[in-house]
Amino acid sequence: MNISSNFLNQSAFIEEFTCNPITQVYPGQYLPSVPELEQYPDPNNVCNYVTKEEFQFIPKWQSQWVHWEKQCNAIIEGRYFDLTPINFDGVFTLACNLKCPHCTRQNDRKNSDTWKLNAVSNETNTLNILQLRSIIDNIVNFQKKDFLDIVWGGGDPTCNPDTYEAMLYAKSKNIQSSFITNGVLLDVDKLLEIEPVLVRVSLNCGTENAYNKFHGLSKNNKSFYRVIANIEEFGIKKRMSNSKTLLGISLIVDERNIDDSIIACKLLAQINSKCKNAIDYVLIRPVTPYSFIKNDFIELSYDLKMKCLNVINDKLKEILTPADIPIITLKDSFKNPPDDSFYDSSDCLAYGLFSEILCNGDIQLCSDSDGVEDYAIGNLLVDDIVDIWKSERRRTVVEKINKAKCYKKTCPFNSRGHHHNRIFHQIEQFRKKGKMEEVVQWIELLKQTTFPLNHSFFA
């Protein structure tokens, strides 16, 4: 069966399945076969309904939360403070072999003396295997039988010598892993032994010169060729071994590399021609304009976003479609946020769903806070996470979040937090009107007409 996405609108395909698919590349890639309905739930607009044809082509990103039973029940009951994470972003090392000018960890890496090429991991910037096991045990006790995923990132997770052993330990505890890496130092055989649900390699460029400029490397650096070789090796070996791991390639773009992305897609198409469906998808989005990034590094104008969309439609689609590689344009990356009147209250309602663990053991309430100390609610190497979640510190951090209104002002519009806030604020509007029965019916229909994603694609 050959199923690929329609570009940009993420078209869904209705297929017969005897059970939920274990892996979807993106939400809504597969849809359950259900009895013909008069109307179908719109995942993006609470209690709104559409035709079957419309439903097939509406993006399904906003439907995933209904499949998290514990969290969904808390939302229905309005208990947002009781929400617990469905995944943790693991920033277990700040060491990295690249020096990207747009790095989201730029400030942290400067403070930890890792803002340099091939920085050495040590006890001040990286968690060791004993510490990682302790943290994994801590969060397992918290979640118990609930779905739980760790997104292994950094820095770059390949720069931590204990990453692979720790991932195997997490697997033994029934924790799923997603692996986000630049791919230069990838150990393909070790990663395939672990078989994470998702590996995503940040390629970003298709030529050596563009790659080195985009990633802060010298002109003669050969990392680009190592990445390409590792992508090809991983893709071919995973297909030969029938691995269920998804291999995604990330292309984040700005004015430095948007044209070079065309060459990158040609390289990826060539890899898929050697081994069919070695690469499962290509993710494309603009560079996120964090406040610390200087304007001379990045220009995210409306014209640039439209140029990116035009390149995807006119050129990248033509290259990747014959190679059976879906293009995923991360939800809302090319849109602007709504005005303040859209939100039901001044509170963030999505805090806690996606937390972050730092290389010193600190746990951040929000994974989109990117290491800001004010968002730390405790330390998993010192305190039990159950106690942390009940602590006065956590309550104080929530109050600061709501007072700062950061989900409106600084939270990236295409982030997980912003994404879910928009749905939850709609739900609260119905609660105020005494119409929660309608919301529950809408949620139940979403459960029937979509499958769970079962991995942290939002990362």
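Phe-354 is buried (under 20% relative accessible area, with exposed over 50% and partly exposed in between; 1.4 Å probe, protein chains only), because its relative accessible area is 5%. The model is predicted, so local features need pLDDT of at least 70 and side-chain atom pairs count only at pLDDT 80 or more, while totals for chains, interfaces and linings use all residues. Residues are numbered from 1 along each chain as its sequence is written, and side-chain values use heavy atoms, with hydrogens and water left out.

The structure holds 10 aromatic pairs. Rings of Phe, Tyr and Trp (its six-membered ring) pair if their centres lie within 6.5 Å; planes under 30 degrees apart count as stacked, over 60 as edge-to-face and the rest as tilted. Trp-65 and Phe-424 make an edge-to-face pair, at 5.5 Å centre to centre and 85° between the planes. Trp-65 lies in the loop between H1 and H2 and Phe-424 in helix H14 (residues 416–432), so the pair ties together parts 359 residues apart in sequence. Helices (H or I, at least four residues) and strands (E, at least two) are DSSP runs, numbered from the N terminus. Both Trp-65 and Phe-424 are buried. The planes of Trp-68 and Phe-354 stand at 80° with ring centres 6.0 Å apart, so this pair is edge-to-face. Trp-68 belongs to the loop between H1 and H2 and Phe-354 to strand S12 (residues 354–357), 286 residues apart. Trp-68 counts as buried because its relative accessibility is 11%.

One aromatic cluster is formed by Trp-65, Tyr-80, Phe-424 and Trp-442.
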